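Dear colleague,

Please find the structure below, handed over for your own calculations. My findings follow it.

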Amino acid sequence: MGEFLLSHWIDILSTCLGLAYIILEYRASIALWVVGIIMPAIDIYLFYSVGLYADFGMAIYYTLAAIYGYAMWKFSPKTKETKALKITHISKKKYFPMGIVFLLFWTAIYFILKTYTPSNVPLTDSFINALSIIALWALAHKYIEQWFIWIVVDIVSSVLYAYKGIPFKASLYALYVVIAIFGYIKWKRLIKR
C-alpha cells in the first residue's frame, strides 16, 4: 500500500488541490483562482508522464486562464450588495459562436495530438480539453451554465483518467460530477438573490 501511495504522490497532491478548487468554486470564492494557478503547475508533469498530451497543454492554458479568471472576478463591475461579480446566464446569441469555437478547438487539438504525439486517446483527450476551454471561459464570466459543461467534462475525464492509470485524479473527477450538480443548485439560489 505504501509503495502504491508513494508512486502516486503527485496524483494525490493534485487531487487534494482539485478538491480545494471545487469547494472554492462551489462557494463562488475568488480564492479558487489561486488554487487554479498552483494545481495546473503540478498537472503539467502528471499529464505528460502518462501521455495525456492535450491535458498537458491544457494545464498550461489553465494556469493562464486562472490569472484571467482572477482578474475578471477581482476587477469587473460588481454588485453593490455583495461586492462580487454577479452570477448570470449565457445569452442565447452566444451559444452558436461557443459551439463553433468548441469544434475548432476540438479539431485543432485532435490534429496536433494525432500528428505530433504518440497519444493513444487523441479523440477523447482533445474533446475534454476543447470543452474545458469553453467551460473555463464561462466560469471566468460567472455564467451559471458553466456547471453543465463541467459535468460533461468531468464524466469523460473520470473515465479517461481511470483508463490511463491515474486513479486518484479519476476519482476526483467522478466527485466533481456530484459537486457540479450541487454547485449548480447553489448558484441557482445565489442568482435569485
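Thr15 is buried, because its relative accessible area is 10% and buried means under 20% (exposed is over 50% and partly exposed lies in between, with a 1.4 Å probe and protein chains only). This is a predicted model, in which local features need pLDDT of at least 70 and side-chain atom pairs count only at pLDDT 80 or more, while totals for chains, interfaces and linings use all residues. Residues are numbered from 1 along each chain as its sequence is written, and side-chain values use heavy atoms, with hydrogens and water left out.

Thr15 is found in helix H2; helices here are DSSP runs of H or I with at least four residues, numbered from the N terminus. Leaving aside residues up to four places away in sequence, Thr15 touches Phe168, Lys169 and Leu172, where contact means heavy atoms within 4.5 Å.

The term denotes a side-chain nitrogen of Lys or Arg within 4 Å of a carboxyl oxygen of Asp or Glu. Since Lys169 lies in helix H8 and Asp43 in helix H3, the pair ties together parts that are 126 residues apart in sequence. Both partners, Lys169 and Asp43, are buried. A search of the whole structure finds one salt bridge.

Glu25, in helix H2 (residues 9-26), is buried yet has no salt bridge. The nearest side chain of opposite charge is that of Lys142, 11 Å away; in this count Lys and Arg are positive, Asp and Glu are negative, and His and the chain ends are left out. The contacts of Glu25, again without residues up to four places away in sequence, are Leu32, Leu139, Gln146, Trp147, Trp150 and Trp187.

Lys142 itself is found in the loop between H6 and H7. Lys142 has a positive phi of about 60° although it is not a glycine, and with a relative accessible area of 4% it is buried. Ala28, in the loop between H2 and H3, likewise has a positive phi, near 60°, in a residue other than glycine. Ala28 is buried at a relative accessible area of 17%.

A cavity is a set of points on a 1 Å grid over the protein atoms alone where a 1.4 Å probe fits but cannot get out, and lining residues have an atom within 4 Å of a point. Grid points are joined across faces, edges and corners, and the volume is the space filled by probe spheres set on the points. The largest cavity has a volume of about 310 Å³. Its lining holds 27 residues, of which Met39, Tyr62, Trp150, Tyr173 and Tyr176 lie nearest its centre. Two or more lining residues come from each of H2, H3 (32-49), H4 (53-75), H6 (122-140), H7 (146-163) and H8 (167-192). By type, the lining residues of the largest cavity comprise 18 nonpolar, four polar and five charged (Ala, Val, Leu, Ile, Met, Phe, Trp, Tyr, Cys and Pro count as nonpolar, Asp, Glu, Lys and Arg as charged, and the others, Gly among them, as polar).

Yours sincerely

Key: 1 Å grid on protein atoms, 1.4 Å probe; cavity = no way out; pocket = protein on both sides within 12 Å on 5 of 7 lines; lining within 4 Å.
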